[in-house]
Amino acid sequence: MYRQKYIFLLPGLLVLVAIILFPLLFTIRVSFSSWDVYNPGLNWIGGGNYARLWEDSRYWEALTRLSFLTVGSVLTQYVLGFGLALLVWRDIAARRFFRVLFLVPMMTTPVVMSVIWRTIFHESLGPLNPILDALGIGAQPWLSEAGHALAAVMIVEVWQWTPFMFLLLLAGLLSLPNEPFLAARIDGAGPIRTFLSVTFPMMGAISVGAILIRLIEASKLMETVYVLTSGGPGTSTETTSYYIYIRGMRDFQIGYSASLSLTYLVVMSVALTVIAKALIRFMVKDRT
């Protein structure tokens, strides 16, 4: 009987080995080679790639930039998503229409939306700068100045993925029990007090899950950068994934890009673990 159990598990185990373990182990082996366009192969060079990585300031700058974009965009998505979820949580007119409307940005692929936003941000032909001129703000160098380009990438990320945060948080709000809210109403608590003392604490676990999911996805940010700015101006909007793509697919430095990928995997795994523990500590109350 026990043997039959393992036989049923075997197909899943084989798939796991084929799509996860083998590529990971092969990448580790490649990272210790000098495989490039001139010397394809798995010749052993020890930790040469990792020594080179340690001195690669462009990589660490990309990692720092990615951290800023990830944390900034995800926090903004959480605040906006929570606000929208609260807006359509209660009985309001046309709430079903608004629930569907808020999900529209998420239904389009990042590449397509990045092309549209690149047209919007175009400094001479796009519609955004004329609107800003009409408002007295003045035209902005959205894609030709480093700070503005970073802001443009963050705007696109927030616009596209806030609906995802909205969807998860709305599902959490709809699952909350009514008794704590009735007790708060009996105690005379107003909307703000009810939110701070009842709604937000009860949404702690769901909030942590939503934030972590988005952090994991946002840490792989590449499509928006590739289409919207191509890492420019200069390298001011390069993220880690995009830099790895440049080294691996453009420069064909396969061995070095493998070491970049593994280092990135380790750094992000440790960072996300620390962030997860911190979020659980501060947002999830012990109900035992």
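Asp251 is partly exposed, because its relative accessibility is 31% (buried means under 20% relative accessible area, exposed over 50% and partly exposed in between, with a 1.4 Å probe and protein chains only). Asp251 forms a salt bridge with Arg247, with 2.9 Å between the closest N and O atoms. A salt bridge here is a side-chain nitrogen of Lys or Arg within 4 Å of a carboxyl oxygen of Asp or Glu. Arg247 is buried, with a relative accessible area of 16%.

The model is predicted: local features need pLDDT of at least 70, side-chain atom pairs count only at pLDDT 80 or more, and totals for chains, interfaces and linings use all residues. Residues are numbered from 1 along each chain as its sequence is written, and side-chain values use heavy atoms, leaving out hydrogens and water.

By the salt-bridge rule, the count comes to 4 salt bridges. One of them joins Glu238 to Arg58, whose closest N and O atoms are 2.4 Å apart. Glu238 lies in the loop between helix 11 (223-228) and helix 12, and Arg58 lies in helix 3 (residues 57-89), so the pair ties together parts that are 180 residues apart in sequence. Helices (H or I, at least four residues) are DSSP runs, as are strands (E, at least two), and they are numbered from the N terminus. Glu238 is buried, at 2% relative accessible area. Arg58 is partly exposed, at 27%.

Arg214 and Glu157 also meet through their side chains in a salt bridge, at 3.7 Å from N to O. Arg214 belongs to helix 10 (residues 204-218) and Glu157 to helix 7, so this pair ties together parts that are 57 residues apart in sequence. Arg214 counts as buried, at 2% relative accessibility. Glu157 is buried, with a relative accessible area of 6%.

Aromatic rings were examined next. A pair of aromatic rings is described by the distance of the centres and the angle of the planes. Rings of Phe, Tyr and Trp (its six-membered ring) pair if their centres lie within 6.5 Å; planes under 30 degrees apart count as stacked, over 60 as edge-to-face and the rest as tilted. By this rule the model has 17 aromatic pairs. Among them is the tilted pair of Phe32 and Tyr50, at 5.5 Å centre to centre and 45° between the planes. Phe32 sits in the loop between helix 1 (2-31) and helix 2 (48-54), and Tyr50 sits in helix 2, so the pair ties together parts that are 18 residues apart in sequence. Phe32 is partly exposed, at 23% relative accessibility. Tyr50 is partly exposed, at 25%.

Trp117 and Trp159 form an edge-to-face pair, with 5.7 Å between centres and 70° between the planes. Trp117 lies in helix 5 (residues 110-121) and Trp159 in helix 7 (residues 146-174), so parts that are 42 residues apart in sequence are tied together. Trp117 is buried, with a relative accessible area of 13%. Trp159 is partly exposed, at 35%. Ring pairs also link Trp54, Tyr59, Trp60 and Tyr243 into a cluster.

Arg52 lies over the face of Tyr256, at 3.7 Å from the ring centre. A charge sits over a ring if NZ of Lys or CZ of Arg is within 6 Å of the ring centre and within 35 degrees of the ring normal.

Ser241 lies in helix 12 (residues 240-250). Ser241 counts as buried, at 15% relative accessibility. Neighbours within four places in sequence aside, Ser241 is in contact (heavy atoms within 4.5 Å) with Ser219, Lys220, Leu221, Met222 and Tyr264.
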